[in-house]
Amino acid sequence: MTSRRNFFTGAAALVGAGLVSRAGAASLPEAPMMASADTQPPLAPPNGRPYNGVVTLNGWSLPWRMNNGVKEFHLIAEPVVREIAPGMKANLWGYNGQSPGPTIEVVEGDRVRIFVTNKLPEHTSIHWHGQRLPNGMDGVTGLTQPGIQPGKTFVYEFVAKRPGTFMYHPHADEMVQMAMGMMGFWVTHPKNPAHHAVDRDFVFLLNAYDIDPGSYTPKANTMLDFNLWTFNSRAFPGVDSMNVRQGDRVRIRAGNLTMTNHPIHLHGHEFEVTGTDGGWTRPESRWPEVTTDIAVGQMRAIEFVATDPGDWAFHCHKSHHTMNAMGHEVPNLIGIDHTGVAEKINALIPDYMVMGDKGGSMGDMEMPLPDNTLPMMTGQGPFGGIEMGGMFTTVKVRKDQKPGDYKDPGWYKHPAGTVAYEWKGETPAPVRQRTPARQATPAAKSRPDIELNVRKPSGHSGHR
Ligand SMILES: [Cu+2]
């Protein structure tokens, strides 16, 4: 690990929260660092105007200092080591010790000054995705500013005019820098904290990496064939659960900085899309859904009332995005008798397993893995293997979760009689539909059972 800082083990994960240093306001603000990939509690604003803080899934919010009424932040662009899930670390590029970088939270109307120090081996910039700002603060290398060269610090300054959901990322060698994990979340809270108030407000970015099993560094030129699909650069079971109190109004905001769309699906509740990249949606424009597609470069805020206790799955509905590192050249052998094939392959490759003739279920199988990779489908639940990884987590709704408490309450304890159970009686063969006698032909009669008769339409009169 080349650039890993030495943190005091056991000390608070957050190092150097940003107060005005003794050197005075003329100096750079401190750049707090985060040593942990755990979800941090919301950052209570120590100064400035009040707001209801967000919780970044497996992330944190960046402290600031006030300098003559200006909120000053300091981002360090640098190589980091990110734990993708227990058992796998990746050499990424990020900000202030983690990838994605810290969430930046400001209030509508705040004057914001962000110092960006570049500790990468190549130039960078930061684009403040979605913001209204002076053109020269937009962060597009070559178009609105020169690149920030290694070792240099640039200053961005603008008024956060529009409340809503934003992201930040480089506009400099962006294929490489975003493939390496350079991105972060930004929330501009409304001036009046009562506007759009919710009980829990979770944020995360959708991202993807292509890291060969056993290696540590993403392949930067991959366009579609990623093998790690992540929420905030974490793959399930490394993604924390979102823990809420029954009856809470819950908002979840996600921004998509991958190169494909993600239909994000919530179990057990309907939600409405209350915010997009461009701001809050008008209440009369909303409709209920259980899945919303988030296209590339988009942000969505969904809201629902957590009425029903339980451990509710929350995941991307593309099944390949709820898997971890895998090869895609795996033939589908369902229904094919491959007795003997595995033995022959085992003679060449010990411990090889063939995708099953009864389906692919591997949740409870253990195939030896190279170091530093994750099994394809791994998470363990209270009833066994969850058989998913990647873009998957849970919303845990509990009656006794205290307001403001984000701790994981453990697995849901189901009331008696509310869990699907095994039928222990007789299981007779299914009754199939008989061909009606008036349609029966001698040929049909010779077949034992016919499940379906299809009558084809004649002519095209209906197609005008
Ligand atoms: Cu997806």
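## Overall architecture

The protein contains 3 helices and 25 strands, where helices (H or I, at least four residues) and strands (E, at least two) are DSSP runs numbered from the N terminus. This is a predicted model, in which local features need pLDDT of at least 70 and side-chain atom pairs count only at pLDDT 80 or more, while totals for chains, interfaces and linings use all residues. Residues are numbered from 1 along each chain as its sequence is written.

Of the 464 residues in the protein, 38% are buried; a residue is buried if 20 or more other C-beta atoms, placed from the backbone, lie within 10 Å of its own, exposed if 12 or fewer do, and partly exposed in between. Among contacts (C-beta atoms, placed from the backbone, within 7 Å) between residues at least 6 apart in sequence, 70% join residues at least 24 apart.

Strand 7 spans residues 104-107 and is covered on both faces. Ile104 and Val106 are buried on one side, and Glu105 and Val107 are buried on the other.

Strand 7 pairs with strand 12 (residues 184-189) in the parallel sense over 4 bridges; pairing requires that DSSP find at least two bridges between two strands. Glutamate 105 has valine 187 of strand 12 as its bridge partner.

Phenylalanine 158 belongs to strand 10, residues 153-159. Because 18 other C-beta atoms lie within 10 Å, phenylalanine 158 is classed as partly exposed.

Beyond its neighbours within four places in sequence, phenylalanine 158 is in contact with Val112, Gln131, Leu133, Pro134 and Met137. Aspartate 110 is 48 residues from phenylalanine 158 in sequence, and their C-alpha atoms are 8.5 Å apart in space.

Technical notes:
Contact = placed C-beta atoms within 7 Å.
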